[in-house]
Amino acid sequence: MSARAEEVAARLEDVRRRIRDACAEAGRPDDDVSLVVVTKFFPASDVRLLADLGVTDVGENRHQEAEAKERECADLGLRWHFIGGLQSNKAAAVASYADVVESLDRRKLVTPLSRGAGARGQQVDVLLQVSLDPPGAGHRAGVDPDDLAALADAVGESTDLRLRGLMAVAPLGEDPAEAFARLARIRATFLEAHPDATVLSAGMSGDLEQAIRHGATHVRVGSAVLGERPAVK
Ligand SMILES: *Cc1c(COP(=O)(O)O)cnc(C)c1O
């Protein structure tokens, strides 16, 4: 094994142990929580290493990088999650290769995403990204919880998109446990109307334990598995 492979294997084992421990603590079975390794900024060679180590799901947040890497790694049979901010003029292209679009946060994205999925001839799974920013904070990404039901209805009208659940990022400067507790309440209401949309993507390298305690079914972990990201160019 190369030094890089050994490093990634050790870090991955540590993250898997953290997930198991958090599940045990929350009284949940281990297989309740799936790991999505966030490979943004890391090369396709790392994606290959991850696939060798049994990783099945990877996440990317920038369209061009994601598209190129997905193409380079098409033989690996991975599930590609798009987790970044979506521009409406890129949304159709993203739906042409992403298996899961986790960052659907406004109505304007529904039509282009549907078009991309339709052109591909395959339903694309989507998660609605919910903002956990305090009200009035001028949030960065995510639908306001008050507008979630309407957005879900808009997605429900598309036969090319499959609504699987919710995604969220804990806001900076707040205890993630409190943000995820809020998310759990939002999700409970959401599930009453969409009982099959059971995915909850929440938790990253620094807060996956708190997310699992509050019901996350998917954690998106980058730096804890792959190391510090190279500086943005
Ligand atoms: C980068 C990123 C992650 C992973 O963050 P780490 O702290 O490196 O684990 C998770 N979710 C989203 C939306 C991201 O952009």
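1. Lys40 touches Gly59, Glu60, Asn61, Glu65, Lys69 and Arg229, leaving aside residues up to four places away in sequence. The model is a predicted one, and these contacts should be read as belonging to it. Lys40 sits in the loop between β1 and α2. Its relative accessible area is 16%, so Lys40 is buried, the limit being under 20%.

2. On annotation, UniProt lists Lys40 under "modified residue: N6-(pyridoxal phosphate)lysine", in an unreviewed entry. That annotation comes from the record and may be inferred rather than shown by experiment.

3. The loop that holds Lys40 also holds Phe41, between β1 (34–38) and α2 (44–52). Phe41 has a positive phi, near 75°, and is a residue other than glycine.

4. Next, the helix that follows this loop. The axes of α1 (residues 3–25) and α2 come within 10 Å and cross at roughly 55°. That angle makes α1 oblique to α2, because it falls in neither the parallel range (under 35 degrees) nor the perpendicular one (65 to 115). The crossing of α1 past α2 is right-handed.

5. Which residues of α1 and α2 meet? From α1 they are Arg4, Ala5 and Val8, and from α2 they are Asp46, Leu49 and Leu50. By class, the contact of α1 with α2 has 4 nonpolar residues, no polar ones and 2 charged.

6. Helix α5 (residues 110–120) has as its buried residues Val110, Pro112, Leu113, Ser114, Gly116 and Ala117. An α-helix has 3.6 residues a turn, so residues three or four places apart point the same way. The elements covering the buried residues of α5 include the helices α4 (88–94) and α6 (148–156), along with the strands β4 (100–104), β5 (124–129) and β6 (161–167). After α5 comes Gly121, with a positive phi near 75°.

7. One of the strands over α5 is β4, and Val100 lies in β4. Is Val100 buried or exposed? Val100 counts as buried, because its relative accessibility of 5% is under the 20% limit. Val100 touches Arg79, Trp80, His81, Phe82, Asp125 and Leu127, again not counting residues up to four places away in sequence.

8. A last point on Val100 concerns spacing. Val100 and Gly85 are 15 residues apart in sequence, and their C-alpha atoms are 14 Å apart in space.

Technical notes. Residues are numbered from 1 along each chain as its sequence is written. This is a predicted model: local features need pLDDT of at least 70, side-chain atom pairs count only at pLDDT 80 or more; totals for chains, interfaces and linings use all residues. Side-chain values use heavy atoms; hydrogens and water are left out. Helices (H or I, at least four residues) and strands (E, at least two) are DSSP runs, numbered from the N terminus. Axes are lines fitted to C-alpha atoms, for helices over the stretch in contact, and angles run from 0 to 180 degrees between N-to-C directions. Angles under 35 degrees count as roughly parallel, over 145 as roughly antiparallel, 65 to 115 as roughly perpendicular and the rest as oblique. A crossing is left-handed if the near helix is turned anticlockwise from the far one by less than a right angle, and right-handed if clockwise. Contact means heavy atoms within 4.5 Å. Ala, Val, Leu, Ile, Met, Phe, Trp, Tyr, Cys and Pro count as nonpolar, Asp, Glu, Lys and Arg as charged, and the others, Gly among them, as polar. Buried means under 20% relative accessible area, exposed over 50%, partly exposed in between (1.4 Å probe, protein chains only).
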